[in-house]
Amino acid sequence: MYSPKFYAACTMGGILACGLTHTAVTPLDLVKCRRQVDPKLYRSNIQAWRTISSAEGIRGIFTGWSPTFFGYCAQGGLKYGGYEFFKKFYSDLAGPEKAARYRTAIYLAGSASAEFIADVALCPLESVKVRMQTTIPPEFKGTTEGLRSVVAKEGFRGLYKGLYPLWGRQIPCEFLPIPGGQDVDDAIDTMMKFASFETVVEMIYNYLPKSKDQYGSGVQTTVSFAGGYIAGILCAIVITSHPSSAFLVRRIYGEIGFGGLWNGLPVRIVMIGTLTGLQWLLYDSFKLFVGLPTTGGPALEKGKK
């Protein structure tokens with residue numbers, strides 16, 4: 001635990017978890033992006049996929065898969081590996097007693113630090129992906145062409161135009177603490193996916209009759225999937241409605257109204273909930289495969305005080 005090999009394994013687990021899952025849901029993301037740009041473009045997701053496939057073939061449904069895959073492989077490795085590193089780093093700074101008492105704050109700080117770095121790697125590829133998915137026909141045929149075109153027209157800064165909004169969207173959604181006696185608005189304001197996952201997993205193991213290490217890999221990975229799915233649903237609400245600037249708020253209200261803020265929410269709930277659950281399932285399955293324990297657990301093992 002916490003050796004260079006440990007962090008390398010966590011990084012590889014993150015690459016597999018994020019790269020594969022985000023690529024698999026590219027068709028959902030494509031429809032969501034196009035419907036947010038033009039709410040009248042498609043009547044439903046099924047109708048959207050039929051229209052796209054008839055005009056562009058099956059490949060059209062997966063428009064943007066390449067920058068999605070490479071971008072989220074990079075982001076996933078840095079996010080999960082970085083989270084494990086910063087969680088340990090901040091726990092050591094706090095000391096054992098305070099780290100246990102303020103563990104949610106540790107989760108928040110660790111995931112925010114990791115996501116801050118991971119988004120720097122993701123942003124250029126996310127920029128290409130969005131341009132491919134929101135233009136008909138797609139502005140670029142592939143990732144390399146997209147990167148070269150943006151750099152040629154706008155310089156390297158063009159690849160990072162969306163970095164601040166990306167930080168504003170991704171970092172809050174890496175937390176999502178579960179409301180426990182606090183106001184729901186406060187919970188939404190601090191929406192962070194990793195802390196939510198850790199909290200849900202802790203609650204599940206506290207509810208189960210036996211300690212975590214008495215359960216096999218099947219139960220442990222099922223708990224990981226359940227924790228990720230719940231965190232993903234909460235995060236979907238933030239991602240769908242998130243306006244990155246005051247100007248964008250005025251534009252949304254002026255052009256498509258408050259309801260336009262929620263275009264694509266059902267798709268996002270299915271996509272992000274399933275995606276996040278599968279990410280934790282794949283990540284913790286990989287950790288078990290290499291001999292590491294799954295993420296999270298009860299604050300105190302049963303029978304210990």
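Mentor: A residue counts as buried under 20% relative accessible area, as exposed over 50%, and as partly exposed in between. The model discussed here is predicted.

Trainee: Is Glu97 buried or exposed?
Mentor: The relative accessibility of Glu97 is 58%. The cut-off for exposed is over 50%. Glu97 therefore counts as exposed.

Trainee: With which residue does Glu97 form a salt bridge?
Mentor: Helix 6 (residues 96-101) holds Glu97 and a residue four positions apart from it, about one turn of the helix. The closest N and O atoms of the pair are 2.9 Å apart, and a salt bridge needs them within 4 Å. The partner of Glu97 is Arg101.

Trainee: How many residues apart in sequence are the parts tied together by Arg103 and Glu202?
Mentor: The side chains of Arg103 and Glu202 meet in a salt bridge, 2.8 Å from N to O. Arg103 belongs to helix 7 (residues 103-133) and Glu202 to helix 11 (residues 193-207), so the parts that the pair ties together are separated in sequence by 99 residues.

Trainee: Which helices do Arg34 and Glu56 link?
Mentor: Arg34 and Glu56 form a salt bridge through their side chains, at 3.8 Å from N to O. The two residues are 22 residues apart, and the pair links distant parts of the chain. Arg34 is buried at 2% relative accessible area, whereas Glu56 is partly exposed at 29%. The elements are helix 2 (residues 26-37) and helix 3 (residues 45-56).

Trainee: How many salt bridges does the count come to?
Mentor: Side chains of opposite charge can pair when their charged atoms come close. Asp29, Lys32, Glu126 and Lys129 are linked in a network of such bridges. The count of salt bridges comes to 11.

Trainee: How many disulfides does the count come to?
Mentor: Cys33 is buried, at 8% relative accessible area, and Cys123 is buried too, at 3%. A disulfide requires a pair of cysteine sulfur atoms within 2.5 Å. The number of disulfides by this rule is zero.

Trainee: How far apart are the end C-alpha atoms of helix 1?
Mentor: Helix 1 (residues 4-24) has 21 residues, and at 1.5 Å a residue it should span 30 Å. Among the buried residues of this helix are Phe6, Tyr7 and His22.

Trainee: Which element gives the most to the lining of the second largest pocket?
Mentor: This pocket holds about 730 Å³ of space. It is lined by 26 residues, and the closest to its centre are Tyr2, Lys87, Tyr107, Glu198 and Gly296. Helix 5 (65-94), helix 6 and helix 7 are the elements that give two or more residues to the lining. With four residues, the element that gives the most is helix 5.

Trainee: How many residues of that pocket's lining are charged?
Mentor: Asp, Glu, Lys and Arg count as charged. The lining of the second largest pocket includes 12 nonpolar and six polar residues. The number of charged residues is eight.

Trainee: What distance separates the C-alpha atoms of Ser44 and Val31?
Mentor: Ser44 sits in the loop between helix 2 and helix 3 and is partly exposed at 29% relative accessibility. Ser44 and Val31 are 13 residues apart along the chain. Their C-alpha atoms are separated by 9.0 Å.

Methods: Residues numbered from 1 in each chain as written. Predicted model: local features only at pLDDT ≥ 70, side-chain atom pairs only at ≥ 80, totals over all residues. Heavy atoms only, no water. Buried < 20%, exposed > 50% of the residue type's maximum accessible area, 1.4 Å probe, protein only. Expected span 1.5 Å × (residues − 1). 1 Å grid on protein atoms, 1.4 Å probe; cavity = no way out; pocket = protein on both sides within 12 Å on 5 of 7 lines; lining within 4 Å. Points joined across faces, edges and corners; volume = space filled by probe spheres on them.
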